[in-house]
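Subject: Structure for your review

Dear colleague,

Please find below the structure that I am handing over to you.

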Amino acid sequence: MGTNLIFAILSPILLTIGGIISWLIKTKKEELHTQEEKAREEKLKTYEVLLEPYIIAFTFTISEKDKEKGINKIKTLEYRKAAFNLMTFGSDEVVRSFNKIMQGFYTAPSDMDKSELGFSHLKNFSELLLVIRKDLYAKNTKLKRSEMLEFMMNDLEKYRVKFDT
């Protein structure tokens with residue numbers, strides 16, 4: 001009889017404690033998910049600011065004057081702040097890829113063939129797009145660099161192997 005009384009008393013207490021623990025774990029998990037979603041949104045905003053000049057530069061239907069204006073956004077305070085944000089919260093791969101594309105623009109030889117220079121910039125840009133995709137959504141993506149450019153190039157097949165090596 002004493003054992004039944006102990007079970008009768010302990011059962012509701014243990015169920016209540018179990019319920020409280022489950023609720024605490026669920027609440028913590030939801031908070032973590034909300035924080036991750038906010039961080040993803042902030043990253044996305046930063047990536048949009050950082051990518052805009054390159055998107056403008058690689059849009060072939062835009063006038064040279066508008067391209068120059070878009071590319072000059074790289075020199076703005078807003079752009080520098082976005083780059084600083086990237087350096088503080090971006091994944092290692094995104095930071096390296098962003099640095100590579102920036103160095104490609106800074107250090108390109110003035111006598112380099114224009115088409116080769118354009119290809120080099122596009123290759124770096126496609127790599128940046130791919131690592132951003134991995135950072136935000138699809139860590140195990142099977143896409144290649146060339147596939148990140150298909151939406152904007154009509155002659156990609158000629159260069160696919162070169163982009164993906």
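The protein chain contains 6 helices and 0 strands, where helices (H or I, at least four residues) and strands (E, at least two) are DSSP runs numbered from the N terminus. Along the sequence, the pattern reads α-α-α-α-α-α. Please note that this is a predicted model, in which local features need pLDDT of at least 70 and side-chain atom pairs count only at pLDDT 80 or more, while totals for chains, interfaces and linings use all residues. Residues are numbered from 1 along each chain as its sequence is written, and side-chain values use heavy atoms, with hydrogens and water left out.

Overall shape

The C-alpha trace spans about 95 × 35 × 25 Å along its principal axes. The radius of gyration of the protein chain is 25 Å, whereas a compact globule of 165 residues would have one near 15 Å; this quantity is taken over C-alpha atoms, and the globule rule is 2.2 Å times the number of residues to the power 0.38. Of the 165 residues, 30% are buried (buried means under 20% relative accessible area, exposed over 50%, partly exposed in between, with a 1.4 Å probe and protein chains only).

Aromatic pairs

Rings of Phe, Tyr and Trp (its six-membered ring) pair if their centres lie within 6.5 Å; planes under 30 degrees apart count as stacked, over 60 as edge-to-face and the rest as tilted. The count by this rule is 6 aromatic pairs. In one of them, the ring centres of tyrosine 54 and phenylalanine 125 are 6.4 Å apart and the planes stand at 35°, so the pair is tilted. Because tyrosine 54 belongs to helix H1 (residues 2-57) and phenylalanine 125 to helix H5 (residues 114-136), this pair ties together parts that are 71 residues apart in sequence. Tyrosine 54 is buried, at 1% relative accessible area, and phenylalanine 125 is buried too, at 2%.

The rings of phenylalanine 119 and tyrosine 159 also form a tilted pair, because their centres are 6.4 Å apart and their planes at 40°. Phenylalanine 119 lies in helix H5 and tyrosine 159 in the loop between H5 and helix H6 (160-164), so the pair ties together parts 40 residues apart in sequence. Here phenylalanine 119 is buried, with a relative accessible area of 11%, but tyrosine 159 is partly exposed, with 29%.

Finally, Tyr54, Phe58, Phe105 and Phe125 form one aromatic cluster.

Yours sincerely
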